[in-house]
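Welcome! Let's walk through this structure together, one piece at a time.

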Amino acid sequence: MQMAEETTQLLSRLGVKEASYTGGNLRVTSPLTGEEIAAVKSDSTEDVAATIQQAKAAFAVWRSVPAPRRGELVRLFGEELRAAKDDLGRLVSIEVGKIPSEGAGEVQEMIDICDFAVGLSRQLYGLTIATERPGHRMMEQWHPLGPVGVISAFNFPVAVWSWNTTLALVCGNPVIWKPSEKAPLTALACMAIMARALDRFGDSPEGLLSVINGTGEVGAALVESPDIALISATGSTRMGKIVGPKVAERFGRVILELGGNNAGIVAPSANIDLTLRAVAFGAMGTAGQRCTTLRRLFVHSSVYDKLVPGLKKAYQSVSVGNPLTSGALVGPLIDKQAFDQMQTALGAAKAAGGEITGGERVEDGHANAYYARPALVELPKHEGVVLQETFAPILYVVKYDDLEDAIAMHNEVGAGLSSCIFTLDIQEAELFLSAAGSDCGIANVNIATSGAEIGGAFGGEKETGGGRESGSDAWKGYMRRATNTVNYSKELPLAQGVSFDI
């Protein structure tokens with residue numbers, strides 16, 4: 001079956017109307033073969049403005065719906081996702097090139113966050129606060145914030161939207177989604193799945209959930225609107241440097257999930273077999289196109305010759321190809337631009353004295369599909385190209401002798417998303433997790449940098465943006481805090497002993 005034909009069948013089963021993905025000006029290609037699979041209509045800035053006004057009107061209604069009732073919509077969405085998991089997971093694989101287990105895993109992550117958010121809908125807790133004034137009570141409440149704009153990247157085309165949307169919904173906010181122009185079909189499919197949940201829910205306001213498709217000007221219209229209370233944007237640090245100031249200029253809020261030049265440290269006591277397997281997935285999974293991909297590895301000189309030859313063997317033997325027609329573990333890069341950037345980085349690494357294993361293009365018979373063998377680069381020093389994130393399967397390996405030096409190199413880059421150490425020494429592990437250790441938002445011991453669960457707050461520091469999505473208390477980012485003082489006495493004592501008698 002041709003890729004375009006299968007895509008049409010999947011979209012039809014998922015409930016997407018044919019008119020929404022045919023005859024448009026936004027060409028959609030599958031990185032698996034490079035062929036065009038759909039043509040989506042781009043929205044105009046006028047369309048975006050109308051969508052924002054609908055969301056604003058929806059907020060006036062949705063904010064007053066009790067939170068447990070709002071959670072019921074998310075519960076129904078989770079049920080619809082379970083029914084559509086196979087088809088949506090397959091569509092993810094076709095549109096962005098993920099292996100089948102990762103496509104299905106991304107939908108499972110959506111289901112998991114639905115379960116999390118349903119429970120959260122009964123746990124939006126405030127505090128009762130001790131007051132110095134007799135006959136008074138202080139408390140804090142959390143109220144819905146307003147319309148939320150979600151800008152997502154191609155590499156997790158549906159999961160990131162669900163992290164934001166499920167929490168935003170139970171917190172009382174409408175959501176407008178601007179997906180990557182490289183992955184609009186999965187967004188249309190999610191809207192069709194959500195439409196079934198909304199029908200079963202029965203009394204939601206129009207404009208509660210919407211999607212806008214297009215390129216930069218569509219996203220800019222969302223970012224610059226004063227009616228959007230929060231922009232949650234996932235993408236490159238370069239993108240974040242544009243979005244952040246624009247939203248700050250109008251005093252809006254942002255959740256930024258940006259670059260992640262993630263690193264791991266392999267200590268002398270590391271379990272080499274476990275480390276090899278963890279590093280292989282962390283560095284090669286999703287063809288190196290995760291924000292949490294392992295990109296730098298500092299290996300103690302005493303175990304370098306035990307680990308690195310095994311890694312090189314894995315890099316030379318790992319299967320690369322179309323994961324839907326073979327058992328390949330590494331699928332394609334998203335497009336030619338990604339492949340070219342990979343080759344440029346490898347060229348710079350070689351010029352810096354790097355010894356490269358892999359990295360070459362793997363031909364599959366499709367001129368416009370870009371498969372590459374993952375590259376392992378042994379570098380003499382931690383400098384130059386290794387300090388910049390390349391969104392491709394490149395792992396830079398550097399020797400170290402002193403743990404504090406390794407931690408210093410680990411923290412030397414601009415990004416601060418995910419990190420890990422492989423060690424059986426509790427002192428080394430605790431140092432890495434301490435304030436003097438990893439400067440990332442995620443720090444792991446004996447597991448690699450990728451594969452976060454929805455129960456923990458996801459995000460990072462420095463050039464990663466500082467935002468948090470999913471787990472923990474990330475819900476507070478979608479709400480506004482109000483501190484209330486109630487005087488139930490007949491007196492009027494003032495705080496700090498101030499006297500003001502009239």
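Let's start at glutamate 404, which counts as exposed because its relative accessibility is 58% (buried means under 20% relative accessible area, exposed over 50%, partly exposed in between, with a 1.4 Å probe and protein chains only). Glutamate 404 sits in helix H12, residues 403–410 (helices are DSSP runs of H or I with at least four residues, strands runs of E with at least two, numbered from the N terminus).

A word on the background: this is a predicted model, where local features need pLDDT of at least 70 and side-chain atom pairs count only at pLDDT 80 or more, while totals for chains, interfaces and linings use all residues. Residues are numbered from 1 along each chain as its sequence is written, and side-chain values use heavy atoms, with hydrogens and water left out.

Stepping back, the protein chain has 13 helices and 21 strands. Of its 502 residues, 55% count as buried.

Now for the salt bridges, of which the count comes to 26 (a side-chain nitrogen of Lys or Arg within 4 Å of a carboxyl oxygen of Asp or Glu). One of them joins the side chains of glutamate 80 and arginine 200, at 2.9 Å from N to O. This pair links distant parts of the chain, 120 residues apart: glutamate 80 is in helix H3 (residues 67–96) and arginine 200 in helix H6 (residues 184–201). Glutamate 80 counts as buried, at 13% relative accessibility, whereas arginine 200 is partly exposed at 43%. Both belong to a network of salt bridges that also links Glu72, Arg75, Glu79 and Arg196.
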